[in-house]
Amino acid sequence: MSAEAAEFDLVLVGGGLASCLIAWRLALDRPEIRVAVIEREGSLGGNHTWSIFDSDIASEDMDWLAPAIAHRWPAGYDVFFPHRSRTLQTGYSSLTSERLHMAVSALLGDRLIIGEAVHVDAQGVTLADQRRLGAAGVIDARGPRPTDALLLGWQNFVGRTFRLAAPHGLTRPTIMDATVEQFGAYRFVYLLPFDDRTVLVEDTYYADQPNLDRPALKQRIDDYVRSRGWTIEAVVAEEEGVLPIALDGDIDAFWADGPPVARAGLLAGLFHPVTGYSLPDAVRLARMIAEQEDLSSAALRRLTESHSKDLWRGRAFYRLLNRMLFRAARPDERWRVFQRFYGLSDGVLRRFYAGTSTMLDKLRILTGKPPVPFGRALRQVRETGRGSR
């Protein structure tokens, strides 16, 4: 099908975060572009809460995202470890699927198409019901799929939002409470206080396998709530996730696998290697695509592949840190890596989370007595670059 005969200028396959932000940005900057989003569930964004530090993206992007931001905590956040507790001053915000759906679905109207894509190519998308959507440009953003090209660890979590019988007393998010029992992985509890009696409690593990024992994690969350002296009045919501943590890999082989179309989101490897956060990368890619004059499938493939590979190569340092965490540290001792990390300056931490660590930052992170066995740490440094093309 030629571009002239195409039904749409751009089709985004998958209605997750990355697709939503691309569609949203194009609607704002280039409303003449005919953009469709295919989502099999019909509701954009799934069932997720995405969070971001104020320093992760530009202030104008925070303003753009404001309709989808459900909660903001300008007073910073807390971390707790067995031998260190600290309040950081960087503001924190969270977007929700519900807010994202409301913002983007209103812009799409009938161009939010419910269906499951069974074939994706540079000329369009075929759905399970045999509908064919022709497009000049196609971007695949259906989330990560199994790959042998990347070596990954995993961030596994279950979150439960509770309405409590009395105020919880929290004024800021707790990004990491690692004073809890570790259970063979780096475990921490993550807390977002939505109001004085409503709180998201998330049990998170940096683990070697992408496994979720939901009943066990829910029980541990309930135990944690009781340990805080809180009484549950109602369970308001639940969510879960298994996020990739990048250790090593061949980015060229990663992109050689799959349909030869543009990619976005986790399918493009666009996430912070250490934290798994994908919102900042999704914001930047949406901006790039909105500024791209040529939105053909071929041009978008070149753009997204080049951008992904550039970021991958520029983030080798973060993958080194992950290998130290997963390969050099014993699972029950991984918390020591983060405890030491949170002894660094606010500026080093902000740039780390934004993925903009300077050379001096990297030296500060690596120097001093390592919180992992020295020989194992040195082995990971020596292996940097092997298989990380």
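Author: What follows starts with the salt bridges and then moves to loops, helices and surface.

The model is predicted, so local features need pLDDT of at least 70, side-chain atom pairs count only at pLDDT 80 or more, and totals for chains, interfaces and linings use all residues. Residues are numbered from 1 along each chain as its sequence is written, and side-chain values use heavy atoms, with hydrogens and water left out.

Salt bridges come first. The term stands for a side-chain nitrogen of Lys or Arg within 4 Å of a carboxyl oxygen of Asp or Glu. By this rule the model has 27 salt bridges.

Take Arg287 and Asp61. Their side chains form a salt bridge, with N to O at 2.7 Å. Arg287 sits in helix H6 (residues 279-291) and Asp61 in helix H2 (residues 59-65), so the pair ties together parts that are 226 residues apart in sequence. Helices (H or I, at least four residues) and strands (E, at least two) are DSSP runs, numbered from the N terminus. The two partners differ in cover. Buried means under 20% relative accessible area, exposed means over 50%, and partly exposed lies in between (1.4 Å probe, protein chains only). Arg287 has a relative accessible area of 22%, so it is partly exposed. Asp61 has 8%, so it is buried.

Next come Arg172 and Asp78. Their side chains meet in a salt bridge of 3.1 Å, N to O. Arg172 is in the loop between strand E12 (150-164) and strand E13 (174-177), and Asp78 is in strand E5 (residues 77-81), so this pair ties together parts that are 94 residues apart in sequence. Asp78 is buried, because its relative accessible area is 9%.

Arg132 and Asp121 form a salt bridge, and their closest N and O atoms are 3.0 Å apart. Arg132 lies in strand E11 (residues 132-140) and Asp121 in strand E9 (residues 117-121), eleven residues apart. Arg132 is partly exposed at 34% relative accessibility. Asp121 is buried at 15%.

Some bridges share partners. Asp252, Arg301, Glu305, Lys309 and Arg313 are joined into one network in this way. Glu305 also gives a reference point for Asp63. The C-alpha atoms of Asp63 and Glu305 are separated by 28 Å, and the two residues are 242 residues apart along the chain. Asp63 is in helix H2, where Asp61 also lies. Asp63 is exposed, with 58% relative accessibility.

Now the loops. Most residues other than glycine have a negative phi. Gln130 is not a glycine, yet its phi is positive, about 75°. Gln130 lies in the loop between strand E10 (124-127) and E11. Its relative accessible area is 61%, so Gln130 is exposed. Phe183 also has a positive phi, near 55°, and is a residue other than glycine. Phe183 is in the loop between E13 and strand E14 (186-195). Phe183 counts as partly exposed at 37% relative accessibility.

Asp208 is another loop residue. Its loop runs between strand E15 (198-207) and helix H4 (214-227). Asp208 is partly exposed, with a relative accessible area of 40%. Leaving out residues up to four places away in sequence, Asp208 touches Trp154, Phe326 and Arg334. Contact means heavy atoms within 4.5 Å.

Helix packing is next. Two packed helices are described by the angle between their axes and the distance between the axes. Axes are lines fitted to C-alpha atoms, for helices over the stretch in contact, and angles run from 0 to 180 degrees between N-to-C directions. Helix H8 (residues 316-328) and H11 pack at an angle of about 10°, and their axes are 12 Å apart. H8 and H11 are therefore roughly parallel to each other. Angles under 35 degrees count as roughly parallel, over 145 as roughly antiparallel, 65 to 115 as roughly perpendicular and the rest as oblique. On the H8 side, Phe317, Leu321 and Met324 meet Lys362, Ile365 and Leu366 of H11.

Leu363 is found in H11, which spans residues 359-366. Leu363 counts as partly exposed at 46% relative accessibility. Met359, Leu360 and Leu363 make a nonpolar surface patch of about 310 Å². Patches are made of residues with over 30% relative accessible area and no salt bridge; like charges are joined within 9 Å, and nonpolar side chains (Val, Leu, Ile, Met, Phe, Trp, Tyr) within 5 Å. Accessible areas come from the Shrake-Rupley method with a 1.4 Å probe, and for residues only the protein chains shown count as cover.
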